[in-house]
Amino acid sequence: MSKVIVVGAGINGVTAGIELKKRGHNVVLVDPGPLPHPLAASTDISKAVRAAYGADEEYTELAARSIKLWRKWNEEFGVELYHEVGVMFVRHREMKLGDFEHESFKTLQKHRRKIERVNSAQFRKRFPAWNPELWRDGILEREAGYVESGLVVAKLVERAKSLGIELRDTVPGARCRPTPRNAQSLSPKKKTCGSFYRRHFPLSWMRRLFTRGCACIAIRTMDIFGSHAIRNVKD
Ligand SMILES: Cc1cc2nc3c(=O)[nH]c(=O)nc-3n(C[C@H](O)[C@H](O)[C@H](O)COP(=O)(O)OP(=O)(O)OC[C@H]3O[C@@H](n4cnc5c(N)ncnc54)[C@H](O)[C@@H]3O)c2cc1C
């Protein structure tokens with residue numbers, strides 16, 4: 001049994017710590033704190049979970065495996081951390097070979113994921129929030145959804161403690177050092193990923209991408225607006 005120091009208690013650090021502990025190691029988890037850390041990429045209201053990754057089969061398989069584990073965690077933690085509401089990618093024009101959606105559709109079909117192709121008529125009937133004149137084609141991944149990411153980290157930190165992982169979340173040396181690149185996001189006014197998005201994806205810029213029918217923007221919007229945008233996609 002070895003002593004392992006895991007630096008950083010975001011989703012990767014905390015899950016690595018738990019896994020190492022389960023395998024019999026002594027684990028110390030170090031983070032400047034507080035946890036979940038407000039500057040961590042993992043700390044946000046929601047993160048999208050989907051198996052649509054274009055032609056990338058490895059990622060699709062990993063995501064499909066993760067969805068099974070999210071369901072298991074929902075039961076284990078007794079809280080709905082993963083909301084399986086479905087995720088939809090939409091396009092202005094019909095998808096064709098090489099497009100993200102087209103490749104995702106093929107890969108998801110191959111991996112027997114529950115997917116549907118949606119068209120203008122379906123947008124009109126099932127998703128009236130989407131303008132059917134603008135949105136003509138898309139894929140709906142029914143087993144996809146979103147996780148309450150900040151809550152997930154909080155629950156995992158609790159679990160880490162209960163398993164006997166030593167948590168050092170007030171270590172003076174473990175400071176996130178501001179570099180010219182991240183200094184701005186470290187200012188008190190800009191603490192969360194939400195403000196990162198607001199800074200980098202102002203609405204007018206997003207609109208321009210939208211009108212070009214850019215492939216993965218739908219999912220990005222879901223990230224930005226969190227649960228509200230993707231809730232009830234299945235209905
Ligand atoms: C805006 C945004 C949206 C995203 N949307 C999605 C999505 O929808 N779906 C998806 O799957 N993924 C999404 N991602 C990616 C996903 O959030 C990240 O891949 C994931 O959270 C990374 O986790 P991490 O543990 O590696 O890093 P982090 O969560 O950033 O954790 C790093 C930890 O290290 C700590 N730390 C930093 N410096 C030190 C130090 N010197 N000493 C000790 N500790 C330190 C921090 O306090 C923090 O707690 C998104 C990312 C961003 C930024």
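The secondary structure of this protein chain comes to nine helices and nine strands. Those are DSSP runs, numbered from the N terminus: helices are H or I with at least four residues, strands are E with at least two. This is a predicted model, so local features need a pLDDT of at least 70 and side-chain atom pairs count only at 80 or more, while totals for chains, interfaces and linings use all residues. Residues are numbered from 1 along each chain as its sequence is written.

Confidence next. pLDDT is the predictor's confidence in each residue, from 0 to 100. The chain averages 80, and 72% of the residues score at least 70. Strand β4 has the highest confidence, at 98. Helix α9, residues 227–230, has the lowest, at a mean of 30. Over residues 182–235, pLDDT stays under 50. The model has 63 contacts beyond four places in sequence for that stretch. A contact here means two C-beta atoms, placed from the backbone, within 7 Å.

Now the chain as a whole. Of its 235 residues, 30% count as buried. Buried means 20 or more other C-beta atoms within 10 Å of the residue's own; exposed means 12 or fewer; partly exposed is in between, with C-beta atoms placed from the backbone. Take the contacts with a separation of 6 or more: 72% of them join residues 24 or more positions apart.

On to the core. In soluble globular proteins, nonpolar side chains tend to be buried together. The largest nonpolar core here has 35 residues. By that I mean buried Ala, Val, Leu, Ile, Met, Phe, Trp, Tyr and Cys residues joined through C-beta atoms within 7 Å. V14, L29, V49, M88, I139 and V157 have the most contacts inside this core. Helix α5, residues 149–162, gives the largest share, five residues. Both domain 1 (3–43 + 150–218) and domain 2 (47–147) supply at least three residues each. Those bounds come from an automatic or database domain assignment.

Two sheets to show. Strands pair if DSSP finds at least two bridges between them. Five bridges join β5 to β7. F89 stands opposite I139 in β7.

In α3, E101, S104, F105, T107 and L108 are buried. The buried residues of α3 pack against α2 (57–77) as well as β5, β6 and β7. Just after α3, R112 takes a positive phi of about 55°.

The other open sheet has three strands in the order β3-β8-β4, antiparallel again. β3 (47–49) and β4 (82–83) stand at the edges with a single partner strand each, so one side of each has no neighbour in the sheet. Two bridges join β4 to β8, residues 145–147. Y82 has V147 as its bridge partner in β8.

Last, W130. It lies in the loop between α4 (120–126) and β7 (137–141).
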